[in-house]
Amino acid sequence: MNKKRLFLVIIIFLFIISCQSKQEDGIPIEQILHFPEKTENKKINYYDKEYSKELDIRNKKGEYSLILSGYAYSPDKDAYYNVYRSSFLDGNDNFVKGTPKNIEDFLVYEKVIDVGLGKFYKEIDNLEKVQKKEPKLVDLDKYVQDWINILREERAKIKEIRSYYETGEYKKDDYSKGKILNDEYLKILYKRKQIFRTLNKKVKQEDYEEEKTIISNSISDDNLYMNLRKLNLLMGIFDDRLYDWNEISIGKNEKFNVDIKNQKRYRAELELILMEVEKQLKKTKELTTDSKIYSMYLKKDVYIKILEQGDKGVELSKKILDKIDNKNYDNLNALAVDNVVNTLEMYINIRQNLIVKQ
């Protein structure tokens, strides 16, 4: 092979690698699963300006994380779309003219939903308050502002759609504006989901790193509490990867609708995370003794329940992977939601109910 041809082969190879890395955006799962080495515990000067700034950054990120989690688990975010879909969309989200009964039902249900949505959209104001806080986080604040903007745009479009059907304008133009409003609404909805995914993925991956550092500096064979935190973190990473950091459709009857470009890599990453979950669950069980539970002031009944939740998570995850392998998407979202709820309940048990108050 001459030098010119060899150079061309190398250029093509590098181009292919570059394209693959762009498709697989974000941090590779292998890196997400890597726990850092234990660092030396430095004495903290609580009056130090740098420490104070670091704490402010951490607190702001924590507030973002809480708001995102509340949004992800809220059924309200899908409530309007579900009512709208039943009146004006076919199975493929194509616009259809609503019957008089469809429109009557839509307006009744939409008004009921709007009470809940009013509280839901108030979260935008809370989000904006956090976004304006110091210190400024260049890497996050912009994404948050994009999300605030699209949520307000969605709210305005919902009001416009309501007015169109409430005033009977659709009778005069034979739904011509209704079709336009439909296209605009679905476009906003799609954009909302894309912005949420970008922001959620960034915040979650930073959360992982912080939690991994805490665990790495504290975990040991004697520390059952930190072993449980590691198990729960790994289970949470599985759930996030399963939904590809997208919004979660809480309704169990909803379709599992996650657009994955590289199915082979997606499946392999889920398998890799599950292996780490099983490994950590096995290790924690092997470390468990009554004396260790007692010495750490842990509530034994809650501790046992958490291990059972670990077993349940593994069982559900395996069923999910079987369905993905067999391309059987019936009830897949119901299984995925059960898994997410199990992980969340386990988190609450670990953080709030496990340690005996002294």
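1. Let's start with the overall picture. Of the protein's 358 residues, 43% count as buried. Keep in mind as you read that this is a predicted model. The accessible surface comes to about 21,100 Å², and carbon and sulfur atoms account for 54% of that surface.

2. On secondary structure, there are 13 helices and zero strands. If you walk along the sequence, the pattern reads α-α-α-α-α-α-α-α-α-α-α-α-α. As for how the chain meets itself, take the contacts with a separation of 6 or more: 79% of these are between residues 24 or more positions apart.

3. Two packed helices are described by the angle between their axes and the distance between the axes. Helix α4 covers residues 76–88 and helix α5 covers residues 100–131; their axes are 9 Å apart, at an angle of about 170°. Angles over 145 degrees count as roughly antiparallel, and α4 and α5 are therefore roughly antiparallel to each other. On the α4 side the contact is made by Asp76, Lys77, Ala79, Tyr80, Val83, Tyr84, Ser86, Ser87 and Phe88. From α5 the residues involved include Phe106, Tyr109, Glu110, Ile113 and Phe120.

4. Buried or exposed? Glutamate 110 is buried, and arginine 162 is buried too.

5. Further along α5 you'll find glutamate 128. With a relative accessibility of 17%, glutamate 128 counts as buried. If you set aside the neighbours within four places in sequence, glutamate 128 is in contact with Ile148 and Arg152.

6. Arginine 85 and glutamate 254 meet through their side chains, at 3.1 Å from N to O. Arginine 85 is in helix α4, while glutamate 254 lies in the loop between α9 (224–242) and α10 (263–287), so this pair ties together parts that are 169 residues apart in sequence. Glutamate 254 is partly exposed, with a relative accessible area of 23%, and arginine 85 also counts as partly exposed, at 27% relative accessibility.

7. How many salt bridges are there altogether? The count comes to 37. Some residues are joined up through several partners: Glu30, Arg197, Arg241, Asp244, Arg265 and Glu269 are linked in a network of salt bridges.

8. The side chains of glutamate 286 and lysine 282 meet at 3.2 Å, N to O. These two are four residues apart in helix α10, which means they are separated by about one helical turn. Glutamate 286 is exposed, and so is lysine 282.

9. Staying in α10, have a look at lysine 285, which counts as partly exposed at 38% relative accessibility. Apart from neighbours within four places in sequence, lysine 285 is in contact with Leu307 and Asp311. Lysine 285 and isoleucine 304 are 19 residues apart in sequence, with their C-alpha atoms 9.8 Å apart in space.

10. Now the view from the other side of that contact. Aspartate 311 belongs to helix α12 (residues 300–325) and is partly exposed, at 33% relative accessibility. What does aspartate 311 touch, not counting residues up to four places away in sequence? Leu281 and Lys285.

11. Tyr73, Leu344, Tyr347 and Ile348 make a nonpolar surface patch of about 310 Å². Isoleucine 348 is found in helix α13, which spans residues 332–353. At 34% relative accessibility, isoleucine 348 counts as partly exposed.

Notes:
Residues are numbered from 1 along each chain as its sequence is written. This is a predicted model: local features need pLDDT of at least 70, side-chain atom pairs count only at pLDDT 80 or more; totals for chains, interfaces and linings use all residues. Side-chain values use heavy atoms; hydrogens and water are left out. Patches are made of residues with over 30% relative accessible area and no salt bridge: like charges are joined within 9 Å, nonpolar side chains (Val, Leu, Ile, Met, Phe, Trp, Tyr) within 5 Å. Accessible areas come from the Shrake-Rupley method with a 1.4 Å probe; for residues, only the protein chains shown count as cover. A salt bridge is a side-chain nitrogen of Lys or Arg within 4 Å of a carboxyl oxygen of Asp or Glu. Buried means under 20% relative accessible area, exposed over 50%, partly exposed in between (1.4 Å probe, protein chains only). Axes are lines fitted to C-alpha atoms, for helices over the stretch in contact, and angles run from 0 to 180 degrees between N-to-C directions. Angles under 35 degrees count as roughly parallel, over 145 as roughly antiparallel, 65 to 115 as roughly perpendicular and the rest as oblique. Contact means heavy atoms within 4.5 Å.
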